[in-house]
Amino acid sequence: MPAAQSTVSPRLPLPGADALAASQALRARIACEIDAAGGWISFARYMDLALYAPGLGYYTAGAAKLGECGDFATAPEISPLFARAVARQLAQLVASGAEEILELGAGSGRLAAGALLEMERGGRLPQRYRILEVSPELRERQRALLASHAPRLLERVSWVDVLPRRIHGVVLANEVLDALPVHVVAWREQDILERGVALESGAFVWRERPADAQLLRAAQAIEVAPPYVSEIGLHARALVATLAQRLERGVLLFIDYGFGRAEYYHPQRNTGTLMCHYRHRVHDDPFALPGLQDITAHLDFTAVAKAAQQEGLALLGYTTQAQFLLNCGLIDLLRETPAEDAARYLPQAAAVQKLVSPAEMGELFKAIALGRGVEPPLLGFARGDQSRLL
């Protein structure tokens, strides 16, 4: 079997020797799996290995991922006011009886630290703050940041390796569902096919096969005009369904980029939404530098809502990130810094603009809340709810 070749787009900076060697090791592992599977694996499986293969995947190896030295910046990295605004929604839920907060994929830990400190200021701390994090590197960064920024609150924080069997509180996930593996589907004139990964002259290439029964049913429920290529997030649906089953009372709160179904599968979006992030560069080649780049797809919020509703949860709100943050008092938080203090105020104002501007994160990112035993209205969805778009 020929070894999988390492290819780097001329648009991307070259990795160092050690990073390149790790990527080549992951390529070889993926190539072996393709060979063992008869020459083809689904893209979902490829994405799973590229992101989560033990010791080699993007989220399980040791390279920095967030911030200036990483590959992308999430909202908590852009401004501490993001965490403080989210904390106001969390505080409302704690006040109504939520015993704990479970954060999935806590990144650098800035959201957890900022939210806990804000809830402490308001006298609304949860009994427990648990973090489920698959990246050993990020877990250590989270622990160090919390120890530095909120040492007196660290005793409330614990890390878990698996989902709790029972959840009584809030599940919080900021930019997590977009990182779950997706199946790529091609709607053709005569058939619906799944796009997967094969080897050709040692390089990873796209290959199409008939979709299996589960994927075919999901694809048939989506109305598009062929030819059309896009993603279906079966893994995200499964995780949301599992969370909903285990949520005895409380709220699932997801913040991520994506659309309702009609907009997600818009006729003009006929090549899908797959994106890759490497050193703050965005491109569309998922086969470049496996293990060194993030691979994501936009979220189908309609599918998320349906997966939770099928398990008995109620839709409590859906809106843009901008509206959610504004509802949670983002501007009031910004005003705590006097505008006359330009050296402090102007950078914060610029960061807030990035969080809420339609040209930046404000419209593309959405917030959705699904719950059991919790009555609306929730603070973050009190105005500008867009549930009609799901």
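Q: Let's start with E118: buried or exposed?
A: E118 is buried, with a relative accessible area of 10%. Keep in mind that this is a predicted model.

Q: Which residue does E118 form a salt bridge with?
A: Its partner is R121, and the closest N and O atoms of the two are 2.8 Å apart. Both residues sit in helix α5 (residues 110–121), three residues apart, so about one helical turn separates them.

Q: And R121, is that buried or exposed?
A: R121 is exposed, at 55% relative accessibility; the cut-off for that class is over 50%. E118 falls under the 20% limit for buried, because its value is 10%.

Q: Which residues are joined with them into one network?
A: Salt bridges that share partners join E118 and R121 with R84, R88 and E336.

Q: How many salt bridges are there in the whole structure?
A: A search of the whole structure gives 20. One of them is between R45 and D48, with the closest N and O atoms 2.8 Å apart.

Q: Where do R45 and D48 lie?
A: Both are in helix α2 (residues 43–52), three residues apart, which is about one turn of the helix. R45 is partly exposed at 30% relative accessibility, and D48 is also partly exposed, at 24%.

Q: What does E100 pair with?
A: E100 forms a salt bridge with R130, and here the closest N and O atoms are 2.8 Å apart. This pair links distant parts of the chain: E100 is in strand β2 (residues 100–104) and R130 is in strand β3 (residues 128–132), 30 residues apart.

Q: How accessible are E100 and R130?
A: E100 has 2% relative accessibility and counts as buried. R130 is at 18%, which also counts as buried, because the limit is under 20%.

Q: Why is β3 described as largely enclosed?
A: Four of the five residues of β3 are buried, so the rest of the structure largely encloses this strand.

Q: Which strands does β3 run parallel to?
A: β3 runs parallel to β2, and five bridges join the two. Within that pairing, L132 of β3 is the bridge partner of L104. β3 also runs parallel to strand β4 (residues 157–160), with four bridges between them. On that side, R130 stands opposite S158 in β4.

Q: What do the helices around β3 do in this arrangement?
A: α5 makes a right-handed β-α-β unit with β2 and β3. Helix α6 (residues 136–149) makes a right-handed β-α-β unit with β3 and β4.

Q: Switching to helix α1: how many residues, and what span?
A: α1 (residues 17–36) has 20 residues and reaches 29 Å from its first C-alpha to its last. That is close to the 28 Å expected at 1.5 Å a residue.

Q: Which residues of α1 are buried?
A: They are S23, L26, R27, I30, A31 and I34. These residues cover an arc of only 145 degrees around the axis, so they lie on the same side of α1.

Q: What do they pack against?
A: The buried residues of α1 pack against β1 (41–42), α2, β7 (192–200) and β8 (203–210). On the other side of α1, A17, D18 and A36 are exposed.

Q: What follows α1?
A: G38 does, and its phi is positive, near 95 degrees.

Definitions and conventions:
Residues numbered from 1 in each chain as written. Predicted model: local features only at pLDDT ≥ 70, side-chain atom pairs only at ≥ 80, totals over all residues. Heavy atoms only, no water. Salt bridge = Lys/Arg side-chain N within 4 Å of Asp/Glu carboxyl O. Buried < 20%, exposed > 50% of the residue type's maximum accessible area, 1.4 Å probe, protein only. Pairing = 2+ DSSP bridges. Right-handed = clockwise from strand over helix to strand, strands pointing away. Expected span 1.5 Å × (residues − 1). Arc of directions from axis to C-beta. Contact = heavy atoms within 4.5 Å.
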